[in-house]
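Welcome! Take a moment to look through the sequence and the 3D structure, and then follow the briefing below.

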Amino acid sequence: GGTVGIVGGGQLGRMAALAAARLGYRVHIFSPEPDSPAAQVAAAATVAAYTDPAALESFARAVDVVTFEFENIPADSVRRLAEIVPVRPSWTVLETAQDRIVEKRFFNGIGIATAPWRAVDGVAALEAALAEIGRPAVLKTARMGYDGKGQVRIDADTDAAAAWAALGKAPGGAAGSAILEGFIDFQGEISVVIARGGDGAWAAFDPAWNVHRHHILHTSTVPAPIPAATATAAIDIARRAAEALDVIGLLAVEMFVTPDGLLVNEMAPRPHNSGHWTIDACLTDQFEQFIRAVCGLPLGSPRRHSDAVMTNLIGDEAADWLDLLRDPEAHLHLYGKAEARPGRKMGHVTRLHRPGGGFDEATMI
Ligand code: ATP
Ligand code: MG
Ligand code: MG
């Protein structure tokens with residue numbers, strides 16, 4: 001028993017709270033959003049700004065451990081929490097994941113390859129970086145970007161000053177700190193979600209094959225259509241990163257598959273959208289594994305018992321959810337969001353297939 005404090009009120013917090021409840025824990029959510037998806041299923045919720053010192057303090061006193069489903073909370077807030085209660089993963093992990101420049105430097109520093117990159121803080125620096133890295137390239141805000149927001153692609157004829165101006169209007173753009181990355185002509189994208197306990201034990205889920213639509217994750221498929229050696233290499237990258245950061249909790253690492261090997265794109269120190277398939281296809285899912293790691297419990301088996309395809313339901317795609325309920329192959333998950341705004345993640349559906357089998361209807365169980 002005990003109470004798990006989760007910072008952030010989205011669907012990741014909701015599914016983590018459901019997993020925690022199954023293990024007998026109470027969950028207390030901290031989120032600025034009233035009636036958030038996570039708060040709807042939690043025992044308690046604090047609705048306050050992530051920077052509210054009094055609210056942070058009373059939240060920390062009400063819980064036994066704090067974790068995050070949203071990593072972009074300020075250093076000062078994490079410090080306040082950590083003075084009162086164990087915070088897992090630690091500030092160092094969040095700090096590294098909050099800033100794409102710090103993140104890329106971290107990966108390269110432990111010998112893990114990424115796209116070529118330069119930190120840029122203005123048009124002159126951008127022009128210099130473009131001269132070194134070449135085109136096409138991708139300019140990203142260093143902080144706060146998600147779902148492809150805060151990114152500008154720079155093609156052969158893109159004006160650097162115009163690209164810089166466009167970035168300024170994006171999330172995190174006003175800060176003026178950005179990264180230029182060489183554009184990777186990848187064969188595909190994969191991600192590994194790894195859990196690591198305070199005792200150093202770790203367990204990784206199979207790499208998922210991720211397809212994006214309009215810069216938002218569309219499907220995650222397992223097994224990924226990659227050679228076994230590539231899957232092993234991907235898990236090894238995730239493990240080395242989790243160990244170097246001393247993660248207690250989950251780490252999700254996104255990678256590009258290229259003919260020359262894997263390149264890390266970015267990481268997230270929390271459950272990840274590309275790990276939702278684990279709920280329906282693994283012995284222990286990413287949310288339970290997250291709670292186990294954060295609460296100091298033994299990790300469960302991440303073994304996959306079925307092949308699976310997870311499809312996100314974005315905006316009005318969740319409108320025909322009753323049809324999905326009629327589909328015996330479909331495992332539907334809805335997040336309790338009232339308003340289906342365009343681009344908003346409303347739910348997901350996972351379809352299971354016989355392990356090792358193809359995706360041919362005739363071979364399904
Ligand atoms: P997320 O929602 O995954 O947090 P994000 O906004 O943080 O997304 P990234 O993951 O960095 O952004 O990029 C989003 C997508 O854009 C990637 O999954 C990939 O498809 C594409 N992309 C990003 N960087 C590059 C690159 N250097 N070369 C080619 N494609 C890229
Ligand atoms: Mg991201
Ligand atoms: Mg990403």
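**Two cis prolines**

Pro-89 lies in the loop between α3 and α4 (91–98); helices (H or I, at least four residues) and strands (E, at least two) are DSSP runs, numbered from the N terminus. The peptide bond leading from Arg-88 into Pro-89 is cis, with omega near -5°. Please keep in mind that this is a predicted model, in which local features need pLDDT of at least 70, side-chain atom pairs count only at pLDDT 80 or more, and totals for chains, interfaces and linings use all residues. Residues are numbered from 1 along each chain as its sequence is written, while chains are lettered from A and ligands numbered from 1 in the order in which they are written.

- A cis peptide bond is also found from Arg-135 to Pro-136, with omega near -5°.
- Pro-136 belongs to the loop between α6 (123–133) and β6 (137–141).

**Domains and annotation**

- The domain assignment, which is automatic or comes from a database, gives domain 1 (3–87), domain 2 (116–182) and domain 3 (188–363).
- The C-alpha centres of domain 2 and domain 3 are 29 Å apart.
- An unreviewed UniProt entry carries the annotation "domain: ATP-grasp" for residues 104–295; UniProt positions are given in the numbering used here, feature names are shortened, and annotations may be inferred rather than shown by experiment.
- Over residues 104–295, the chain is 30% helix and 32% strand, and the end C-alpha atoms lie 29 Å apart.

- In helix α3 (residues 75–84), the buried residues are Val-78, Arg-80 and Leu-81.
- Seen down the axis of α3, these buried residues fall within an arc of 160°, so they line one face of the helix; the arc is that of the directions from the helix axis to the C-beta atoms.
- A residue is buried if 20 or more other C-beta atoms lie within 10 Å of its own, exposed if 12 or fewer, and partly exposed in between, with C-beta atoms placed from the backbone.
- Which exposed residues does the face of α3 turned away from its buried side carry? They are Ala-75, Asp-76, Arg-79 and Glu-83.

**Strand β9 and its partners**

- Strand β9 (residues 188–196) is mostly covered, as eight of its nine residues are buried.
- Nine bridges pair β9 with strand β13 (residues 249–258) in the antiparallel sense; two strands pair if DSSP finds at least two bridges between them.
- Arg-196 has Gly-249 in β13 as its bridge partner.
- β9 also runs antiparallel to strand β11 (residues 208–213), joined by three bridges, and Glu-189 stands opposite Asn-210 in β11.
- With strand β10 (residues 202–204), β9 pairs in the antiparallel sense over three bridges, and here Ile-194 stands opposite Ala-204.
- The hairpin of β9 and β10 has five residues between the strands, and in this hairpin Gly-200 takes a positive phi near 90°.

**Strand β17 and its partners**

- Strand β17 (residues 345–353) is mostly covered, with eight of its nine residues buried.
- Eight bridges pair strand β15 (residues 307–314) with β17 in the antiparallel sense, and Ala-308 has Leu-352 in β17 as its bridge partner.
- Strand β16 (residues 330–334) runs antiparallel to β17, joined by five bridges, and His-333 stands opposite His-348 in β17.

**Around ligand 1**

- Ligand 1 is surrounded by 16 residues, and the closest are Ala-115, Gly-145, Asp-147, Glu-181 and Ile-184; a residue counts as near a molecule if its C-beta atom, placed from the backbone, lies within 6 Å of it.
- This shell divides into five nonpolar, five polar and six charged residues; Ala, Val, Leu, Ile, Met, Phe, Trp, Tyr, Cys and Pro count as nonpolar, Asp, Glu, Lys and Arg as charged, and the others, Gly among them, as polar.
- Domain 2 and domain 3 each give at least three residues to the shell around ligand 1.

**Two aspartates with positive phi**

- Asp-147 lies in the loop between β6 and β7 (151–154), and its phi is near 50°, a positive value in a residue other than glycine.
- Asp-147 is partly exposed, with 17 other C-beta atoms within 10 Å.
- Asp-246 is placed in the loop between α8 (228–245) and β13, with a positive phi near 55°.
- Asp-246 is partly exposed, with 13 other C-beta atoms within 10 Å.
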